[in-house]
Amino acid sequence: MNINFEYHGVSASNRLEILAASKLAKLEDKYDFIVNVDVYFKKENTSTVETGKICSVRINTPGPTLFAEASKAEFEQSIGAVMEDLRRQLQKRKDKMKAH
């Protein structure tokens, strides 16, 4: 699995890349049909302190591309929320693949 990281308005962070890569590796262990992953980190000015640090992940698989995005107070929280959403999407995709 190839992982590409992009930062928009945020300085590059090795710690965030390691955290995201470890969580993505867990998903890849369970869902072996993942081909490529793009991870985006963005900072957005918001009116609340609970949001503003956005993590977006696009997973390329056979068939349609999966995408999830979360905006939380910290990037670590955003990564966790995105991975949970992607896990659900990947499970649905796996169930559909088994049915055919």
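Colleague: Is arginine 88 buried, partly exposed or exposed?

Modeller: Arginine 88 is partly exposed, because its relative accessibility is 41%. Buried means under 20% relative accessible area, exposed over 50%, and partly exposed in between (1.4 Å probe, protein chains only). Keep in mind that this is a predicted model: local features need pLDDT of at least 70, side-chain atom pairs count only at pLDDT 80 or more, and totals for chains, interfaces and linings use all residues. Side-chain values use heavy atoms, with hydrogens and water left out, and residues are numbered from 1 along each chain as its sequence is written.

Colleague: Which residue does arginine 88 form a salt bridge with?

Modeller: Glutamate 84, with the closest N and O atoms 3.7 Å apart. A salt bridge here is a side-chain nitrogen of Lys or Arg within 4 Å of a carboxyl oxygen of Asp or Glu. Both residues lie in helix 2, four residues apart, about one turn of the helix. Helices (H or I, at least four residues) and strands (E, at least two) are DSSP runs, numbered from the N terminus. Salt bridges with shared partners join Glu84, Asp85, Arg87 and Arg88 into one network.

Colleague: How far apart are N and O for arginine 87 and glutamate 84?

Modeller: 2.7 Å, in a salt bridge between the side chains of arginine 87 and glutamate 84. Arginine 87 is partly exposed at 30%, and glutamate 84 is partly exposed at 35%.

Colleague: How many salt bridges in total?

Modeller: Seven by this rule. One of them pairs arginine 58 with aspartate 38, at 2.8 Å from N to O. That pair links distant parts of the chain, 20 residues apart: arginine 58 is in strand 3 (residues 53-60) and aspartate 38 in strand 2 (residues 36-43).

Colleague: Is aspartate 38 buried or exposed?

Modeller: Aspartate 38 is buried, at 9% relative accessibility. Arginine 58 is partly exposed, at 31%.

Colleague: New topic. At what angle do helix 1 and helix 2 pack?

Modeller: About 15 degrees, with the axes 11 Å apart. Helix 1 is therefore roughly parallel to helix 2. Angles under 35 degrees count as roughly parallel. Axes are lines fitted to C-alpha atoms, for helices over the stretch in contact, and angles run from 0 to 180 degrees between N-to-C directions.

Colleague: Which residues make the contact?

Modeller: Among them are Leu16, Leu19 and Leu24 of helix 1, and Ile79, Met83 and Leu86 of helix 2. Contact means heavy atoms within 4.5 Å.

Note on methods: Angles under 35 degrees count as roughly parallel, over 145 as roughly antiparallel, 65 to 115 as roughly perpendicular and the rest as oblique.
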